[in-house]
Amino acid sequence: MIYDFNDYNFHVWLVLLITVALIGLNLIVPKVRLNKINKLKKIEKN
Amino acid sequence: MNRAFNNLKTFYHKLGSSPWFYRISGITIPYVALLSFLFLTIGIVWGVFFSPTDFKQGDVYRIIYMHVPAASVSQSIYYTMTVAAVVSMIWRMKMAGIFIKSMAPIGASFTFLALISGSIWGQPTWGTWWIWDARLTSTLVLFIFYVAIISLYSSFSEKKSADQAVSILTLVGAVNLPIIKKSVDWWNTLHQPASIKFTESSSISPEMLYPLIISIFGFYLVVLLSGLMAMRAEIAKRETNKEWFKNY
Amino acid sequence: MTNLAKRIFYKELVSYRKRSSTYLSPIVFFLITIALYPLALSNDPADLSFLAPGITWICVLLSTLLSIQNIFNEDFEDGSLDIFFSLRVSTLPLVILKILVNWIFSSLPIIILSSTVVFLLFLPSEGLVILLTSLLIGTPVISLFGALAGALSLGKSSILGPAIVLPLSLPILILGTSAVTSFLNGENPSFYFLMMLAIFIFLLPLICYACIGALRLHYE
């Protein structure tokens, strides 16, 4: 179990954080790009 | 047989049509998102919190559940981009260009993850953040390739020629990557640092292996998901003024 | 066909002779970078002679990069590339000849000049022939990569060139320096020469056609 904090757990947490951040970035960036275009489309339609 | 081939052919033609892809990817994305979330959380949570501690390395070995999938994914993305480059050069399929353009940043970020997680793993186990070992060096080269592809793409204003230029570079890179890998491997045997030895654990216990396999699967699914999303965004960007997109 | 090739060759020779900066700047660059290493690292002959093959190879690589990137630029800007692509002739000889002439004018002087590392960087003199041979076999491959980078980033001055050329040139760098160091350690370097030659022969058609494809992009 990782709960007992020894010296090396910090490394695992760091990698976990970077992993989540990078995956999140890869999902959020295209989402935001698409939303921006769709918003413009809606404005154009009205 | 013939019918199967014809189905394959129509599927290929549909794959080349951006409205079809936009529609289908819109339908499939929620399912892929659910699956990838499921596999990723099960794999990583199981691996990081519940798998047994390695008796040699201690808990730090748990980085494997992020590092190995990232390294595997980063190479596979380049292979798929190579296939797309061939398709784009021979049949001038515009979806292939969109695919390369969308996958290159994803590949770059996962290669970056593989590099940085390896480095963070190396610090406690080998005592250094970086060593000039064969695998690290060729992963670094792969990362530079991704960055070069991204920057070459952004240097063109015309999308069509950007697609073709990037396809050429991807192909040349794909031909050269094995040569680079071989030469770096071989260079490494010449300059083997004596103090650091890689102990490849040949037999990994099933309690450690199952979460790893699930995690790898989850990484592939999340790459599929972000690839689909990035391609959708790219299609929307390129075809904003097309009739089908306005009416979608 | 051969007539046309001959004319391209002479035209290239003349245009290089008239633009002395294109072949003088790599030479100056090479000498300066060679001089930087003793200043930055150490002036101890023992250290330098150990590092000499690597330093020479890196300097040659960087100074070749300087001129090869602009290989197609002038023809692109004055429109002669345009005319060539509108003619119904194969563009393969044009590309090969341009790379060849560029190599003669930018790499060859540097290779000859690099024999000065025997006394500048104290390279053991018996290793010189091996160093020059490795450069002679290796630099054409770098020229090929440079030409491709130049064709891809045509008309855009950017740092794209090095980002494309340098990672691709890694095998040549490794093989070239290993040839010299292994010879100085008393081994037979012919394996490295054969490997570099094999890479050159393998890549020559591939890169030339990739170059043509990249150039054609600017005329679509």
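Predicted model: local features only at pLDDT ≥ 70, side-chain atom pairs only at ≥ 80, totals over all residues.
Residues are numbered from 1 along each chain as its sequence is written, and chains are lettered from A in the order in which they are written. Local features need pLDDT of at least 70, side-chain atom pairs count only at pLDDT 80 or more, and totals for chains, interfaces and linings use all residues, while side-chain values use heavy atoms, without hydrogens and water.

Two pairs of chains are in contact, and chains A and B share the most contacts, a contact being heavy atoms within 4.5 Å. Chain A and chain C are joined by no contact; their closest C-alpha atoms lie 24 Å apart.

Where chain B meets chain C, 24 residues from chain B and 27 residues from chain C take part. The area buried between these two chains is about 2,100 Å², and carbon and sulfur atoms give 84% of it. Buried area is the accessible area (1.4 Å probe) that two parts lose on being put together, summed over both. On the chain B side, Ile168(B), Val172(B) and Trp186(B) lose the most area to chain C, together 23% of what that side buries.

Between chain B and chain C there are zero salt bridges, defined as a side-chain nitrogen of Lys or Arg within 4 Å of a carboxyl oxygen of Asp or Glu. The elements giving two or more residues to the side of chain B that touches chain C are α5 (134-154) and α6 (159-190) of chain B, helices here being DSSP runs (H or I, at least four residues) numbered from the N terminus. Of these, α6(B) gives the most, with 15 residues.
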